[in-house]
Amino acid sequence: MRAETNLRYTGLQTAIATHLENTIKGMEMSAVNVFNAVEKNLDSPDAVIAALQSEAPLNPNVLGYFAAFEPYYFKSEGHWFEPYVHHIGNDPYQTSLVGSDTHDYINSPWYVSAKKTKQTFWSDPYYYYDGTDISGHYITFVKPIYDKKGQLVCVCGADVTFDWLDKELERINESCRQAPQVNKYMMGRNLDFYSVVMNKEGVCILHPSEKYVPLDDVHVLDDVKNGQTGMTQMKIEGEPCTLYYGPIESLEWSVFLAIPTFDVQKPFLYVGAALALLAAIAILMAYVICRRLRLQA
């Protein structure tokens, strides 16, 4: 029963992590198509903007795409040139030039990292504020673009909001909860679980409304930092819970599956109660038989 329990919840945690990773990879593929269009249209600022505008609507789940250019790459545009094609909800796409002395993207962590690593990556979660409707919590998929001489031209990015990621995680949870293979042999369980996502520092970044995991166990924190899988028990808002966790390799994140310990242990409680009942019946039968034998003697 313990093996079945661990296998069920480990498999459920892995399924949620895999679905979320596949969702992220789909966003990457969409973003790369946009970035490739920018790379093929570096002749003029207008060509860059047109490329962003033509490709951005292909994936409405991405809030916006941008191309942040090296200073004076287009001399007519000056020190900052960062066209940003974006939308809010179902509104039409808008194009803004967001580079300025107040948004000096050249010193932004994602820009500096792109120049240093020369690779695609997902940024750390951050909050962007400029007083407009595009202010909010984001994670950005970043790719540096180079010219034929190998010189950095610009850093492209695709912004995904944490509001959308939270909803996607909730959708994945519900899909996995309804999966036929998960609902076999429930053994009294309610599958009353939820999942949260933590970064490698153990900070909870994705979670259902008012649900989070205050992680302070140093051993679990080490596992999260090193991308290890495991199980732990802790109290969440006063309720004993069992947590199964494992990594999303491409993001250096970990997915935690949190289940009330009472729900996890229901099969053990029911079987224990059944065994106790059987034992009581056996004792009663033994008493009756022995009493009858004694009377006959």
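Student: How many residues lie between S10 and S11 in their hairpin?
Tutor: There are 2 residues between S10 and S11. Glu237, in the turn, has a positive phi of about 55°. Strands here are DSSP E runs of at least two residues, and helices are H or I runs of at least four, numbered from the N terminus.

Student: What should I know about the source?
Tutor: This is a predicted model: local features need pLDDT of at least 70, side-chain atom pairs count only at pLDDT 80 or more, and totals for chains, interfaces and linings use all residues. Residues are numbered from 1 along each chain, and side-chain values use heavy atoms, without hydrogens and water.

Student: How many bridges join S10 to S11?
Tutor: 7, and the two strands run antiparallel. Two strands pair if DSSP finds at least two bridges between them. Gly230 has Tyr245 as its bridge partner in S11, and Met231 has Tyr244.

Student: And which residue stands opposite Cys241 in S12?
Tutor: Pro260. S11 and S12 are antiparallel, with 8 bridges. Their hairpin has 4 residues between the strands, and Glu252 takes a positive phi near 60°.

Student: Zooming out, what is the strand order in the sheet?
Tutor: S9-S8-S12-S11-S10, an open sheet of 5 strands with antiparallel pairing. S9 (204-206) and S10 (230-236) are at the edges with a single partner strand each, so one side of each has no neighbour in the sheet.

Student: Is S11 largely enclosed or open, and why?
Tutor: Largely enclosed by the rest of the structure, because 7 of its 10 residues are buried. Buried means under 20% relative accessible area, with a 1.4 Å probe and protein chains only.

How values were computed:
Buried < 20%, exposed > 50% of the residue type's maximum accessible area, 1.4 Å probe, protein only.
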